[in-house]
Amino acid sequence: MANKQQGHVQKWQDDKGFGFIEMQSGESVFFHINEFKARRRPDVGEQVVFTLGQDSQGRKQAKEVQELGFVQQKMAQKNQQIRQRNAKRSAQADFEDGQKKRLFLGIGFYGVLILLAATGKLSWLVVGWYAALGVITYAMYAKDKAAAESGEWRTPESTLHVLSALGGWVGAMVAQTYLRHKSQKPEFRVAYYLTVVFNMAGLLFVMAGGGLETLASLLSGLL
């Protein structure tokens, strides 16, 4: 509205199809019905916005006369659309940043496992177990998402949590992030984090000398 003038309809002669608008400065300016953009006749006293122009004789005339309320409503809708678009861009940027962080976390975890195995502090079988479970868990998430989109038989959430607890939590994390599957349900997310804690406790148990056999027997008892 930078180039728009504001005022109110001061006079209107309906039989002749023209009237006058009193500007905020107090000056009156002529306008014709052809310049009134609403699908009705103007009302005396109503607030309007317009641009200043000239008629064929060089006299001031109001052009593109619009209802003030209509213009304000349109501006409010436009501002809302801008805010929504900016919020969407911000959310997308945050999501992409989260993607990178989670990917680095997964790579870092596997890197630590490889380093521990290389220094003899962890069995290579454990590294292979985590790698295999990560791939399997990611595949199960992808399968469940495809089933959800096609209306086919879903994978039980308990199955996804068991795979995560057994060592596939990195695959689950990557699937939740990149497939955008099971990433919004709060109850599922809480259960997922508990599986990560459970798995880390099991890994520390193995590293502390608990042995794979003891851990396997504990897991079989729970399952």
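## A quick tour of the model

Let's start at R180, which sits in the loop between α3 and α4. This is a predicted model, and R180 is one of its residues with a backbone angle worth a look: phi is near 55 degrees, a positive value in a residue other than glycine. Most residues other than glycine have a negative phi.

**The cores**

- The largest nonpolar core has 22 residues, and those with the most contacts inside it are F109, L113, L122, Y130, Y141, W169 and L203.
- Four helices each supply at least two residues of this core: α1 (68–118), α2 (124–150), α3 (157–178) and α4 (186–210).
- Helix α3 gives the largest share of the core, with seven residues.
- Setting aside neighbours within four places in sequence, W169 is in contact with F109, Y130, S164, Y192, V196, N199 and M200.
- Another core lies apart from the largest one; this other core has 13 residues, including M23, V29, I33 and F36.
- As a general point, nonpolar side chains tend to be buried together in soluble globular proteins.

- L103, F104, I107 and Y178 make a nonpolar surface patch of about 400 Å².
- Helix α1 gives the most to the patch, with three residues.
- Y178 belongs to helix α3, and Y178 counts as partly exposed because its relative accessibility is 36%.

- Strands β4 (residues 47–54) and β5 (residues 60–67) pair in the antiparallel sense, over six bridges.
- Across the pairing, Q54 stands opposite K60 in β5.
- Five residues lie between the two strands of the hairpin, where G58 takes a positive phi near 85 degrees.

- E35 is placed in the loop between β3 (28–32) and β4.
- Is E35 buried or exposed? E35 is buried, because its relative accessible area is 17%, and buried means under 20%.
- Leaving out neighbours within four places in sequence, E35 is in contact with Q61, A62, K63, E64 and V65.
- E64, one of those contacts of E35, is found in strand β5.
- E64 counts as partly exposed because its relative accessibility is 41%.

Key:
Residues are numbered from 1 along each chain as its sequence is written. This is a predicted model: local features need pLDDT of at least 70, side-chain atom pairs count only at pLDDT 80 or more; totals for chains, interfaces and linings use all residues. Side-chain values use heavy atoms; hydrogens and water are left out. A nonpolar core is a set of buried Ala, Val, Leu, Ile, Met, Phe, Trp, Tyr and Cys residues joined through side-chain atoms within 4.5 Å. Buried means under 20% relative accessible area, exposed over 50%, partly exposed in between (1.4 Å probe, protein chains only). Contact means heavy atoms within 4.5 Å. Patches are made of residues with over 30% relative accessible area and no salt bridge: like charges are joined within 9 Å, nonpolar side chains (Val, Leu, Ile, Met, Phe, Trp, Tyr) within 5 Å. Accessible areas come from the Shrake-Rupley method with a 1.4 Å probe; for residues, only the protein chains shown count as cover. A salt bridge is a side-chain nitrogen of Lys or Arg within 4 Å of a carboxyl oxygen of Asp or Glu. Two strands pair if DSSP finds at least two bridges between them.
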